[in-house]
Amino acid sequence: MTKTLPEKYITEPTGYPFAPVLSIEGKEIVVTSGICCDDYDGTIPEDIETQARNTILACEAFLKEAGCDLTNVFNVEVYMEDLDKWGDFNKIYRELMPDNPFPCRKALEVKLLPGYQVELVMWAVK
């Protein structure tokens, strides 16, 4: 699997944790469902950072079951209850998502199931 960032964005990076465009070479697409993550004891964490971390790690676990990992992700769909918490989400996203380059990404503010603050869909290629 190869993810290629156009030359312009290599020499003039955007500074954001996402690529504006990627060229993908691979044989098989893997997509996670919309993942919201409970804490490991089954409760829903109250803070966005814990929800973000658990959700990204849950997506990673599903991707591994399908034979890939976060380095294979080329697109992420982020659904959040409150985009005012975008900075808190991005802190965790930057920490966990490989920058090789970062995947393309979109974010929407939506109404989620009660208690959840973030839901993710990841697209990967292997």
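Trainee: How many helices and strands does the chain have?

Mentor: The chain has three helices and six strands, where helices (H or I, at least four residues) and strands (E, at least two) are DSSP runs, numbered from the N terminus. This is a predicted model, in which local features need pLDDT of at least 70, side-chain atom pairs count only at pLDDT 80 or more, and totals for chains, interfaces and linings use all residues. Residues are numbered from 1 along each chain as its sequence is written, and side-chain values use heavy atoms, with hydrogens and water left out.

Trainee: What makes the span of H2 agree with its 18 residues?

Mentor: The expected span is 1.5 Å times one less than the number of residues; for H2 that gives 26 Å, and its end C-alpha atoms are 26 Å apart, so the two agree.

Trainee: Which residues of H2 are called buried?

Mentor: Buried means under 20% relative accessible area (1.4 Å probe, protein chains only), and the residues of H2 that count as buried include Ile 48, Ala 52, Ile 56 and Leu 63. The buried residues of H2 pack against strand E3 (29-31), strand E4 (73-80), H3 and strand E6 (118-125).

Trainee: Which residues of H2 meet H3?

Mentor: Contact means heavy atoms within 4.5 Å, and Ile 48, Glu 49, Ala 52, Arg 53, Ile 56 and Leu 57 in H2 meet residues of H3, among them Phe 89, Ile 92 and Leu 96.

Trainee: What makes the chain agree with a compact globule?

Mentor: The globule rule is 2.2 Å times the number of residues to the power 0.38, with the radius of gyration taken over C-alpha atoms; for 126 residues the rule gives a value near 14 Å, and the chain has 14 Å, so it agrees.

Conventions:
Buried < 20%, exposed > 50% of the residue type's maximum accessible area, 1.4 Å probe, protein only.
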